[in-house]
Amino acid sequence: MYPPSRKDFISLTLSDPHSQTYNNGKHRRQSCWRKWKQLSRLQRSLILFLLALLLILGLLSYSSITEHWRGLSDQEDWLELNDRELKAIPPGVKPVLGQAAGKAPAPVAGPHLRPAVVPDATGEARGPNIPILVKPPIKKKIFANKRGPPSLQKDGNVSDTVGREKQEQVVQEEEGEEEEKQKKIVSWRGAMIEADQATEPPPSANEKEAAAPPAPANPADTVPLEVSPETRERLEAVCDAFRHAWKGYKDYAWGHDELKPISKSFGEWFGLGLTLIDALDTMWIMGLKEEFAEAKTWVEKDLSFNKNVDVNLFETTIRILGGLLSTYHLTGDQLFLEKAKDLGSRLMPAFKTPSKIPFSDVNIGKGTAHPPRWTSDSTLAEVTSIQLEFRELSRLTQDPQYQEAVNEVMTLVHKLPGKHDGLVPMFINTNNGQFTHKGVFTLGARADSYYEYLLKQWIQGGKTEDNLLEDYLQAIEGVKKHLVRQTGPSKLTFVGELSHNRFNPKMDHLVCFLPGTLALGAHNGLPGDHMDLAVQLMETCHQMYKQMETGLSPEIAHFSLQASDGSDVIVKPADRHNLLRPETVESLFYMYRFTKDTKYRDWGWDMLQSFNKYTKVSGGGYTSINNVRDPLSPGPRDKMESFFLGETLKYFYLLFSDDMELLSLDKYVFNTEAHPLPIWPSPPK
């Protein structure tokens, strides 16, 4: 037992009514210290241990109390927000994790899909009664550059954060039935776009930013779900064909003009990556994201027009300039417009001729131009089928020189003598601006796209240029009067040629553009008998495939005018080749769009199967063939034209697509290489 402590001090308190209170505190502190010193070491250790333990317990209690009050505070904030924005999760729907600011939305798999229900990214199970804070829906402004794979689009800020470490979770609210009826939705490769927003003007340079395309697409990503199995199969087959062709080009001809799939090499024409540029908008339309991304990288890093090389004005304009302009419109990526401007300016020396009729060839590095070595003439189709592209380039750049140059050509041709009821000769002299080789009239090679571009320029410009319409209508009347005949055996209607008033029952496969062009004119208010002729000619072009042993059309067909039980189509040995041309499937696309007659799709499907059977090369790519009449030995020519990717497969895809707003023919006009350009708004009257 410890003895009691001694009291060896006195504490006094003195008070004085006239003085302040005095307390002997100093001595009290000294007495406490003496008491502490009198304790044994064990007692002092125990006391210190107890004090330390109390301190630790106090700190722990303080932390717990703080967290408790913070939780109450957060709960109060949450309840305040509930009054404004709280919504319950619909039964069976999992919340969608809110997206970080400025990030693009997750891609929707394929066109025509309903908005997908995305699982909670945290993987946490949530009961059906747990409320979720829903951000008010944001009505996004859709620009022309957002018409494409949704993963290549830029989105606005669509999420906030709740707390310090967790993202807010959002869920798409189902619309009422009446509201759904009022909102007509169209699809563009998986992007759901309001119909009244689908034709916004191209964005400014500050609004354009091309994102890197995501992982490679597969048929499930590019084929709509709300279609029949037959339609899905056909769309998948077209995408597979494109990938196979692209594989060959990528493996053996990357960056070069054309693939030689048999020898696994390449062919060079201008050295400008012709196949790659021709295929850009096709990849975008099909939603082939990986392929588009690698092609865009090549355009950005490797495509240069500063080359000492002669190029053909017509081919370079319709394939490269047209491809760059259409890809710019579909993507909104300034890269393609800048490349188009560079090329367009380098092609302008071709117009420096005495007559203003352009030379056929131009050196894009030196800035010089010249006619072919063997003549001073230019082909009429070539000088009158560059207008859509140059006019559009002027509209985009606000530089009138391009449109003025090509409009002057059309004005000169409009006034020229030597026409035959609207039909024009095939050649025009660059020195005097007059027709040459008069008396020969055809809708085939060297003249075909003149007639096509009369109508399409009129449509492009808002149907205001009367000279173009006048020339087109007169030409169609001339075709019906002088060139249209029927075969003897089956009464097939075809378009022949006239040479010095002598009719030749010869029809190039190229002429199969005409049914689609006639149908397009009828759709835009031209006489109904144009559509009647289109239906008849479409049947004939189909028979040019069907009556061949391979199911593929020859390059040139002759027709029997004699009444007999024989064949309508006669093919000479030199004309039996097939170059993978697009004209027939192009017209099938137009005819289906305007009539919805499924037989045109069925005809196209038969054609695609024949291409796969007789022209597909196992190592990648497709090849033109020598003999469409010999299924056992069609004779590959070892060449895949750039237009097979740029036109043929594109028109197959559009033919089989159920999306009538996909490149609507009321909003776009296709150049003669199948590159879509926007129709200009009609000027105020």
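Visitor: How many of the eleven residues of helix H12 (residues 387-397) are buried?

Guide: Eight of them are buried, so helix H12 is largely enclosed by the rest of the structure. This is a predicted model, in which local features need pLDDT of at least 70 and side-chain atom pairs count only at pLDDT 80 or more, while totals for chains, interfaces and linings use all residues. Residues are numbered from 1 along each chain as its sequence is written, and side-chain values use heavy atoms, with hydrogens and water left out. Buried means under 20% relative accessible area, exposed means over 50%, and partly exposed lies in between (1.4 Å probe, protein chains only). Helices (H or I, at least four residues) and strands (E, at least two) are DSSP runs, numbered from the N terminus.

Visitor: Which residues of H12 are the buried ones?

Guide: They are Gln387, Leu388, Glu389, Phe390, Arg391, Glu392, Leu393 and Ser394.

Visitor: Stepping back, how many helices and strands does the protein chain have?

Guide: The protein chain has 20 helices and 26 strands. Of its 685 residues, 52% are buried. Contact means heavy atoms within 4.5 Å. Among contacts between residues at least 6 apart in sequence, 70% join residues at least 24 apart.

Visitor: What average pLDDT does the chain have?

Guide: The average is 79, and 71% of the residues score at least 70. The pLDDT is the predictor's confidence in each residue, from 0 to 100.

Visitor: Over which residues is the pLDDT below 50?

Guide: Residues 1-28 are one such stretch, with nine contacts in the model beyond near neighbours in sequence. Residues 72-225 are also below 50, and this stretch has 252 contacts beyond near neighbours. Where pLDDT is low, the predicted coordinates should not be read in detail.

Visitor: On to aromatics: how many pairs does the structure hold?

Guide: It holds 23 aromatic pairs. Rings of Phe, Tyr and Trp (its six-membered ring) pair if their centres lie within 6.5 Å; planes under 30 degrees apart count as stacked, over 60 as edge-to-face, and the rest as tilted. Phe242 and Trp246 form a stacked pair, at 6.1 Å centre to centre with 15° between the planes.

Visitor: Where do Phe242 and Trp246 sit?

Guide: Both are in helix H5 (residues 229-252), and because they are four residues apart, about one helical turn separates them. An α-helix has 3.6 residues a turn, so residues three or four places apart point the same way. Phe242 is buried at 0% relative accessibility, and Trp246 is buried at 2%.

Visitor: What kind of pair do Trp246 and Trp254 form?

Guide: That pair is edge-to-face, with 5.7 Å centre to centre and 90° between the planes. Trp254 is partly exposed, with a relative accessible area of 31%.

Visitor: S22 came up just now. In what order do the strands of its sheet run?

Guide: The order is S22-S23-S24, an open sheet of three strands with antiparallel pairing. Two strands pair if DSSP finds at least two bridges between them. S22 and strand S24 (569-570) stand at the edges with a single partner strand each, so one side of each has no neighbour in the sheet. Strand S23 (residues 556-559) pairs with S24 over two bridges, and His558 stands opposite Ile570 in S24.

Visitor: And what is the order in the open sheet with S17?

Guide: It is S17-S20-S21, again three strands in antiparallel pairing. Two bridges join S17 to strand S20 (residues 497-499), and Val440 stands opposite Ser499 in S20.
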